[in-house]
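Hello,

Here is the structure for you to look over. My notes follow below.

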Amino acid sequence: MSKWKLPYFITRQVLIALVIGGIAGIGFMLFLIEFDDLTSSEAFCTTCHSMEIAAQAYRESTHYNPVSGVRASCGDCHVSEGVIAATWDHILGGKDLLTQISGKLFGPDYDDPVVNALHLPQAAFEARKWFRSKDSATCRRCHVLEAIQGKRADTNAIHLEETDGKSCIDCHINLVHRKVPDEKTFKKDRWRQMVEEEFGLEPGSALDYLSK
Amino acid sequence: MSPSFFKRFLFCVLFSIYPELFAAKVSVDPSEWGDPLGEECISCHEKSSSGLTRQWRKSAHAEAGVNCFDCHKASIDDNDAITHEGQVIATIVSPLDCSRCHTVEYEQQKGSVHSEAVSIIENRLPALAGHVGGDAIIAAGCDQCHGSRVVMRGDGSLDPRSWPNSGIGRINPDGSKGSCSSCHGKHRFSKAQAREPSACVRCHSGPDSPDKAIYEASKHGMQYQAHRDEMALDSDSWVAGKDYVAAPTCVTCHMGAAGKLKANHDVGMRNMWSLNTPVSEKQYLVVFEDGEKMELPASQSPPRRGSEISKTDGSLGKVKAVATPKRRRQAMQLVCLECHSKALTESFMDQFDDVVKLFNEKFGTPAKQIMQALYTEGLLTPAPFDEPIEFIYWELWHDEGARARHGASMASANHTWWEGMYLVGRNFYSRFLPQVEKIAGSERASTLIQTYVTSSDHHQWLEQPQKSNPILGYDVGRQADE
């Protein structure tokens, strides 16, 4: 027997439990990574029809069709980096799933394009707040402030000299999804009116959709 | 009371009840502008839109410390308010925004033919621009001069069918009418630029308002071209006869200060006639209590002061003052008198008035009456522009007729005759009347033509087909009337 001895409490059973626990732990982490990866994909997100509506504008955007071919998927922008943060974001995102399901059961049904359009601004405001709270971390995954050249002569200078105290989202809203005004100057009635015109509804009838 | 004293008295009364006649420099305290928040825009906009920022740097605004925010600031409730870099601003700087400092000019242009340029044609627009053209033409054509009804969409974007637009009668999201930048190119806002004839030419050119061509063909235009460097276009004070004498520009006669006459931003105020109508009429200028104005044909009885009548947009307004056509003509003549004698001025106006009357009596009225008859008798469908004669009639007064009358008003012989009344006559005799015969049949047509055309002395020559003249080569060598 060697001189090197296991402490007395490491019994055979403990050793087996540790090995199994370790493997399970690694398995769990791997699962989370895979899970986060899967649930961040466009294919997963758009299994809900309400998200498919959001994706339509995305597919017209530069983030979907950049000249470089580097396509940003839903989770690249909307889910934080790192397995713990990503998992946490997905837990929070579960709220949306519940809303979606309860909407299906009791209304309002977010799969209805009118309801979806009427609620879009609220979703946009929430998303912008989230980006701001993270200091636009997911943007900075790909975009490096110092390296932004743009097409115009002074784009680089603007990003180097004019961005103190600002986060990407402060200037860059309405890049991907349907245009929604800033919350400060958002006018609910006008938005409603626009949705009514768009779907050929009687003026004022969108209110019924909101209570549905 | 001697007549001349009476005249002078009347003039003083008009000018005192109508203080807007007096233009003033901005009377706002300098502490009211130069918003510190605006200073923050500059450094970024110098890079993101360096052209307009550098134009602004050269402006009197920049010199006085007026910055981006002073003009573009908005309040959250404003229809067209957007959030930009944390600040609440509006893209469109409306006349109401400019009036924060330029109150006098705002009040003057309110209700003028310029600021009402949409209201005046809005109900007619669909029939020509809509049917013959299309929505794209309305947005990129008509509305670019007349102005659009700017629509701010619920998503915070300006509807591209209504914006960009700097039409002079633009109906802004804040409800105000007009666009200062129509004549005053933003963001430089140069006095000299706005005094140039080219400030007007963007719209006052083309078939119905060929004022560019007319001015250039006139003696005034000739003098202006030759002596442009003596026009003092950049001068603070710009009074014709005092600060410059080389030539008048469009602004000089229609808005500018001359002698005792003050500058005024109501461009139509000195116009006595309506020249862009099927038949010209002398016009009252009705001034309402709220500062708005309206033209009213002199054939109607003038409204009494204090009475309520409906305005151009249909709403009711209380009459504050009424300027008679004669008064308006006198105001215009005050400009002429800075360089011309009274006799020359009045005789020139007589020549002009005679052309207008000739158009009215010989072509405008008969054509209008015949069209009326064709419509009432059901010989034409009520829809405009679905029959050839409707185009012929339209061009007769709207294009050629307007050109003749504008030509005479601004002394271009060529436009008065060859580009104007000659075309009216050719149109009337060789296209309009033959069409009438085709539509109404020879019997009914001959009654119509006898009633409205040949009964007038102007057309008597038509009754003498045997009277020859060598102009077209017939009987060359024989004396005319032989």
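How many bridges join strand β5 of chain B to strand β8 of chain B? Four, and the two strands, residues 283-288 and 316-323, run antiparallel. Within that pair, B:Val286 stands opposite B:Val322 of β8(B).

A word on the source. This is a predicted model: local features need pLDDT of at least 70, side-chain atom pairs count only at pLDDT 80 or more, and totals for chains, interfaces and linings use all residues. Residues are numbered from 1 along each chain as its sequence is written, while chains are lettered from A and ligands numbered from 1 in the order in which they are written.

**The sheet.** Four strands of chain B make an open, antiparallel sheet, ordered β6-β5-β8-β7. Here β6 (293-297) and β7 (308-310) of chain B are the edge strands; each has a single partner, so one side of each lacks a neighbour in the sheet. On average, neighbouring strands are turned by 55° against each other, direction ignored. Strands are DSSP runs of E, at least two residues, and helices are runs of H or I, at least four, numbered from the N terminus. Two strands pair if DSSP finds at least two bridges between them.

**The helix pair.** In chain B, α9 (125-133) packs on α10 (135-146) at about 125°, with axes 9 Å apart. Axes are lines fitted to C-alpha atoms, for helices over the stretch in contact, and angles run from 0 to 180 degrees between N-to-C directions. The contact (C-beta atoms, placed from the backbone, within 7 Å) involves B:Leu125, B:Ala129, B:Gly130 and B:Gly133 of α9(B), and B:Ile137, B:Ile138, B:Gly141 and B:Cys142 of α10(B).

Best wishes

Notes: Two residues are in contact if their C-beta atoms, placed from the backbone, lie within 7 Å.
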